[in-house]
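Here's a quick look at one protein chain, starting from a single side chain and then zooming out. Have the sequence and the model open while you read.

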Amino acid sequence: MRRLLDALATTLALIGGALLVAVSVATVVSVAGRWFAGQPITGDIELVQLAVAVAIALFLPYCQLHRSHLIVDFFTARSSGPVQRRLDASGSMVAGLVFFALAWRAGVAVSDMRNASETTMVLGVPLWIPYAAMVPGLALAGLAGVLQPFHARSRAGTAA
């Protein structure tokens, strides 16, 4: 199960990275167009906002699986190993539940925005599309967070 989660998380992270590269290229083209011809890419700021939001959601599962989120351990740094492991497991579980809640609410937003035909101001991009692109990343991050404590426990059992 861990290998499948890791493969899916890596795939989503690569897609997110490709999305950011595309947005970076579009930004360079837009700035160059603005500088040299006085004509930027229409809606470039909208595209950047939507793409970055989607990319962040696609990076979350990889960050969760590889414990790459920011951890503030000011109060727990001097705790014993077992206490720190229990706190890390609890934190992963809570993060997973939060990611599931975000995936659920993003899914509801997809339906609502689609029914309302809500679009961006300049380009008229239907807003449900980027929200729909965020749902898989949020859901996979939730699954990773909820399963992580069990994976850590089985890894600790085999190491002993």
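Let's start with Glu 46, which sits in helix 2, the stretch covering residues 44-65. Keep in mind that this is a predicted model.

Is Glu 46 buried or exposed, and which side chain of opposite charge is nearest? Glu 46 turns out to be buried, and no salt bridge goes with it. The nearest oppositely charged side chain belongs to Arg 34, and that one is 12 Å away.

What does a polar atom of the Glu 46 side chain have at 3.0 Å, then? That's the backbone nitrogen of Met 121. Met 121 also shows up among the contacts of Glu 46: if you skip neighbours within four places in sequence, the list reads Thr 120, Met 121, Val 122 and Leu 123.

Now for the whole chain. Its secondary structure amounts to four helices with zero strands, in the order α-α-α-α from the N terminus. The radius of gyration is 20 Å, well over the 15 Å that the globule rule gives for 160 residues, so the chain is more spread out than a compact globule.

Some chain-level numbers:

| Property of the protein chain | Value |
|---|---|
| Span of the C-alpha trace along its principal axes | about 65 × 40 × 30 Å |
| Residues that count as buried, of 160 | 27% |
| Accessible surface | about 10200 Å² |
| Share of that surface from carbon and sulfur atoms | 70% |

As for contacts along the sequence, take those between residues at least 6 apart: 77% of them join residues at least 24 apart.

Definitions and conventions:
Residues numbered from 1 in each chain as written. Predicted model: local features only at pLDDT ≥ 70, side-chain atom pairs only at ≥ 80, totals over all residues. Heavy atoms only, no water. Helix = DSSP H or I, 4+ residues; strand = E, 2+ residues; numbered from the N terminus. Buried < 20%, exposed > 50% of the residue type's maximum accessible area, 1.4 Å probe, protein only. Lys, Arg positive; Asp, Glu negative; His and termini not counted. Salt bridge = Lys/Arg side-chain N within 4 Å of Asp/Glu carboxyl O. Polar contact = N/O pair within 3.5 Å; in protein donor to acceptor, adjacent residues only side chain to side chain. Contact = heavy atoms within 4.5 Å. Rg over C-alpha atoms; globule rule 2.2 N^0.38 Å. Areas by Shrake-Rupley, 256 points an atom, 1.4 Å probe, with all protein chains shown as cover.
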